[in-house]
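This report is meant for someone who meets the structure here without having seen it before. It takes up strands, helices, domains and chain contacts in turn.

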Amino acid sequence: MSSEKIDVRYVAELARIALTDEEVDRFGEQLGDLLAHVNALAELDTNAVPATAQVIESRNVTREDSVRPGLEREVVLAQAPSRQGAFFRVPRIIAE
Amino acid sequence: MSAREKYVPVIGIECHVELKTATKMFCGCPNEFGGEPNTKVCPVCLGMPGALPVPNAAAIEHMIAAGLAFGADIPAFSKFDRKNYFYPDMPKDYQISQYDMPLTQGGEVRYWLDDGTIKSCRLTRIHLEEDTGKSTHAGSGDGRIAGSAYSLIDFNRAGVPLMECVSEPEIHSAQDAVAYLEALRRTLLALGVSDVKMEEGSLRCDANVSVRLADAKELGTKTEIKNMNSFRSVGRAIESEIERQIALLESGGRVVQETRGWDEANGVSVSMRSKEEAHDYRYFPDPDLVPLEISREDVERIRGTLGELPWQRYERYTAEYGIGPKPATQLLDNLSLARYFDRIVAISANPQQSANFVLGDLSRLANENGIAIADSKVSPEHLAELIALVEAKTINSKIAKELLARMWEGAGSPKALVEGEGLAQTSDPAAIEGFVDDVLAANPGVVADYRAGKTNVGGFLVGQVMKASRGKADPALVNALLARKLQG
Amino acid sequence: MVELLGAQIARGVNAREVSAREVAEAFLARAVAVDGRVGAYLTLLAERARAAAARVAARVAAGEQLPLAGVPVAVKDNMCLEGTRTTCGSRILEGWIAPYTATAVARLIEAGAVPIGKTNLDEFAMGSSCENSALGVTRNPYDLERVPGGSSGGSAAAVAAREAAIGLGSDTGGSIREPGAFCNLVGFKPTYGRVSRYGLIAFASSLDQIGPLTRSVEDAALAYDVMSGFDPMDATSIDRPVEPAATGLRTDIGGLRIGLVRQFDTQGLGEEIDEAYDRAYHDLQALGAELVDVTLPTADYGLATYYLIAPAECSSNLARFDGVRYGLRVDGADVREMYDRTRAAGFGPEVKRRILIGTYALSSGYYDAYYVRAQKARTLIARDFDAAFAQCDLIACPAASSPAFRFNAKSDPYSMYLMDYYTIPMSLAGLPALSVPCGWVTPDGGSAPMPLGLQLCAPLFGERLLLGAAHAYERLTRHADAHKPALGEVAPT
């Protein structure tokens with residue numbers, strides 16, 4: 001069974017992970033191998049089978065609309081990688 | 001034919017409405033406008049490791065109510081899906097939304113124009129999702145992303161329940177678009193499911209605009225217009241875009257599919273993106289949440305809470321009561337006022353007069369005194385009495401005005417006042433004739449002027465008769481008698 | 001002291017025969033003495049343990065009887081414990097201090113347990129050997145040249161080395177059961193939804209479950225009884241009363257039908273291992289069980305199914321590690337560059353592989369062929385178990401295909417994935433399953449005998465039966481008692 005060619009660069013872009021050329025090649029091979037095994041699923045007759053939505057048949061788990069205590073701002077911002085006053089700070093966002 | 005007339009604008013409106021609940025969609029943080037940044041947060045809405053979402057039951061009820069109000073179907077099953085993309089104001093870098101099994105399906109918004117034309121626009125979908133945090137961009141001088149040096153994020157808004165409402169592209173003018181929005185807004189306000197304030201961000205909208213030749217079957221290329229901050233803005237922006245596209249096409253150009261940001265200050269839209277980058281959102285059912293099963297009992301129970309919807313009220317006022325579009329709209333824009341009005345009509349059976357009083361003198365008094373009509377000392381029952389007195393010509397409009405002012409101060413039943421103080425107007429022709437004769441005799445110069453052709457001085461003479469009768473003369477009779485005598 | 005089981009400690013502390021403080025000190029001392037070689041703990045919580053022990057002591061003194069009074073517990077470092085470093089074995093969370101506590105952990109503490117430390121794991125629970133941790137190496141206490149198993153290797157090693165009495169692990173495809181088998185412990189994964197996932201840093205949301213690693217079935221039952229039950233903070237937790245397991249421990253399983261799965265035949269695993277499992281099945285018979293042949297025709301597709309679903313969910317769950325609100329940030333000229341660099345630096349290769357394959361499986365054009373198809377295969381696997389359980393009450397099979405292997409023995413990713421072969425199908429079906437020690441083998445010319453684990457699996461919500469039967473097996477065979485980890489004498493305290 002041939003290894004399927006994944007466009008690793010494109011997928012890494014979607015996943016926001018910078019990869020070296022070496023990683024692109026290495027992961028490409030390893031994931032291709034995995035996919036070759038995964039493609040065995042095509043052997044199963046899943047036409048009339050529903051996809052598992054939930055392992056346990058649970059429905060309508062919701063909560064009441066009442067306030068619960070949250071986190072103190074200082075606790076939250078204390079571990080922010082970068083903060084400015086009361087805000088989280090990030091490098092400029094390039095509009096896409 | 002003008003260039004404009006050759007084309008049909010095709011507009012679709014996409015709204016995001018923040019639902020009015022006490023807490024956020026998936027956690028117990030308060031859902032309120034304003035407040036210090038990053039103070040209404042918890043592990044869940046900050047997307048911290050290990051945190052899990054649990055849906056807000058009230059938000060689901062609000063959605064179902066809104067769906068029913070727009071005539072949508074409420075399916076038996078619904079679920080949440082993850083919409084995956086990276087953005088700094090997205091705490092989990094995915095948004096919990098609904099993809100293929102939203103809480104409502106179909107529906108339409110009935111709206112009306114100033115001239116009373118009733119239209120409707122179908123809805124493509126209404127679904128429930130969570131709002132993102134808010135980012136402010138620094139260093140660019142105008143607060144925009146382009147040219148900014150860095151951005152600051154506040155997550156207070158992250159996780160607020162959001163209703164996304166997408167219309168079919170069935171709107172064909174900027175004016176219609178605004179009317180659609182107003183109808184949408186009125187309905188949601190009447191249901192109490194949102195504050196729907198554009199200035200607070202509880203209603204946000206984008207427009208998709210294209211134009212096609214009147215006889216063309218295919219739609220033109222559409223652009224998305226964003227950043228409109230008021231209804232007026234929406235109208236201006238859409239109009240501007242229609243004109244821009246037509247001018248472009250007329251001069252041989254092509255409309256590029258893009259997103260344009262509206263600049264209200266300068267009255268123009270600016271291209272935000274030069275190419276459409278298709279996002280692969282990789283939607284899949286959120287494994288942290290279980291499906292929603294909505295029983296028919298629940299649907300009917302919620303349907304029972306809807307009450308009369310604004311468009312139904314509008315049609316009742318205009319079609320049944322014969323009230324004009326503008327006054328009808330004015331009445332139903334304020335639910336407590338509309339209810340007050342309904343109570344008067346129930347007793348007086350005179351919607352026209354009821355509307356006149358409510359929107360005229362009563363509204364004036366209310367504005368002057370800063371008190372809502374429904375909170376005033378004028379009860380609907382007493383106002384109905386006043387109307388009856390005017391209808392029966394027991395009092396004239398001048399006396400009615402005076403009485404109303406006194407009722408506003410708490411004087412109570414106008415009937416009692418009229419009887420007690422003898423305020424009934426004089427309709428006795430003999431008595432009025434007496435007044436008229438006296439006034440004519442006392443003002444020979446004016447009479448001469450009138451007979452010489454200066455008919456505008458007739459008003460002065462009417463005024464004198466009213467004065468002589470201490471305001472109680474029936475104005476209609478006064479006019480008739482004066483006219484007869486002046487003709488001589 | 002450190003030889004005591006959790007149940008014994010709780011009884012002793014409740015009866016005021018021993019104080020919670022003494023217990024804590026003993027286990028802390030043991031950790032200091034041996035963890036340099038074992039490497040179970042990423043963070044030792046000495047001060048916190050002492051404070052917790054003091055609180056337990058006060059409560060007991062005030063007359064309270066606590067189910068886990070003074071029992072030292074090792075907490076896997078993918079579970080939030082407020083104020084403690086919670087790293088998931090990853091650089092991306094290396095210094096992160098959790099601002100809240102996972103429900104399961106909170107319940108244990110409320111029941112009197114004393115957290116001794118946060119344990120090592122395969123990064124973000126992805127792995128079967130603990131070798132994928134970016135922050136430390138954990139060794140199998142029975143042979144320091146071998147892995148403890150994964151991903152809950154640290155918790156398993158801690159309990160095996162007597163550095164804690166109960167370990168908390170998480171199991172997605174076998175991450176409690178396999179290290180349990182490798183370290184001569186009971187490793188128990190409850191029915192999906194039985195134990196709250198709130199505060200468990202998610203790997204695969206529809207598969208993750210928290211469970212105990214212990215030296216006896218009774219301890220596992222005690223921990224389960226305390227941890228399990230509906231949690232309003234976790235919408236996937238089941239709102240259904242829990243039948244207590246600790247009171248259901250049996251000594252005989254007469255009449256019970258044990259299913260042996262044709263697809264899980266052990267002949268191909270080597271003579272020694274094959275014999276060990278044969279003996280285990282016979283022992284079950286000796287206890288009164290009837291052995292029944294069952295079949296799980298789609299079990300062979302378990303790996304393929306799992307290695308699509310789990311990465312897909314994790315690719316989405318790990319998106320939040322973006323350098324914006326917490327954790328590692330590597331700066332960039334713009335936010336996009338920051339994301340790319342942060343995640344490149346913060347995630348190890350196995351995590352990256354799974355995020356990539358998961359993203360791929362969900363992407364446009366591939367979603368139906370991969371993710372949806374896998375979820376359908378999952379339905380088939382669950383149905384297979386339903387059919388099997390029509391003919392038996394419990395299923396018995398190996399917990400792993402081999403005992404603990406040496407470091408670097410499985411450098412090819414797929415060969416590592418194969419370690420989950422026996423445990424994945426139960427995870428996919430959400431079934432409760434455990435591993436219990438069932439014998440010893442001397443692998444590949446090795447020196448130390450290494451333990452094997454027997455996996456038992458029950459139908460949904462069958463925890464009471466499962467633990468009950470495991471207890472009977474454990475009492476008859478006492479395989480775990482055959483060998484102790486050779487870490488040096490345990491100094492009397």
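Two strands are taken to pair if DSSP finds at least two bridges between them, and the elements themselves are DSSP runs numbered from the N terminus, with helices being H or I runs of at least four residues and strands being E runs of at least two. The model is predicted, and for this reason local features need pLDDT of at least 70 and side-chain atom pairs count only at pLDDT 80 or more, while totals for chains, interfaces and linings use all residues. Residues are numbered from 1 along each chain as its sequence is written, and chains are lettered from A, with ligands numbered from 1, in the order in which they are written.

**Chains A and B**

With these terms, β2(A) and strand β9 (residues 150-154) of chain B pair in the antiparallel sense over four bridges, and within this pairing Arg89(A) stands opposite Leu152(B) in β9(B). Contact between residues means that their C-beta atoms, placed from the backbone, lie within 7 Å; by that rule 31 residues of chain A are in contact with 41 residues of chain B. On the side of chain A that touches chain B, the elements giving two or more residues are α3 (73-78) and β2 (87-91) of chain A, and the largest share, five residues, comes from β2(A).

**Two contact surfaces by residue class**

For the classes, Ala, Val, Leu, Ile, Met, Phe, Trp, Tyr, Cys and Pro count as nonpolar, Asp, Glu, Lys and Arg as charged, and the others, Gly among them, as polar.

**Domains of chain C**

The domain bounds come from an automatic or database domain assignment, which for chain C gives domain 1 (6-256 + 401-482), domain 2 (259-298 + 378-389) and domain 3 (299-370). The C-alpha centres of domain 1 and domain 3 of chain C lie 27 Å apart, and 27 residues of domain 1 of chain C are in contact with 24 residues of domain 3 of chain C. On the domain 1 side of this contact, α13 (413-417) and α14 (424-429) of chain C each supply at least two residues, and the largest share, three residues, comes from α14(C).

**The sheet of chain C**

Chain C has an open sheet of eleven strands with mixed pairing, in the order β1-β3-β2-β4-β6-β5-β10-β11-β9-β7-β8. At its edges stand β1 (41-44) and β8 (290-294) of chain C, each with a single partner strand, so one side of each is left without a neighbour in the sheet. Two bridges join β5 (residues 186-189) of chain C to β6 (residues 209-214) of chain C, which run antiparallel, and the bridge partner of Val186(C) in β6(C) is Thr214(C).

**Two helices of chain B**

Axes are lines fitted to C-alpha atoms, for helices over the stretch in contact, and angles run from 0 to 180 degrees between N-to-C directions. The axes of helix α7 (residues 325-332) and helix α9 (residues 351-369) of chain B come within 11 Å and cross at roughly 65°. The contact is made by Pro327(B), Gln330(B) and Leu331(B) of α7(B) together with Ala355(B), Val358(B) and Leu359(B) of α9(B), and by class it has five nonpolar, one polar and no charged residues.
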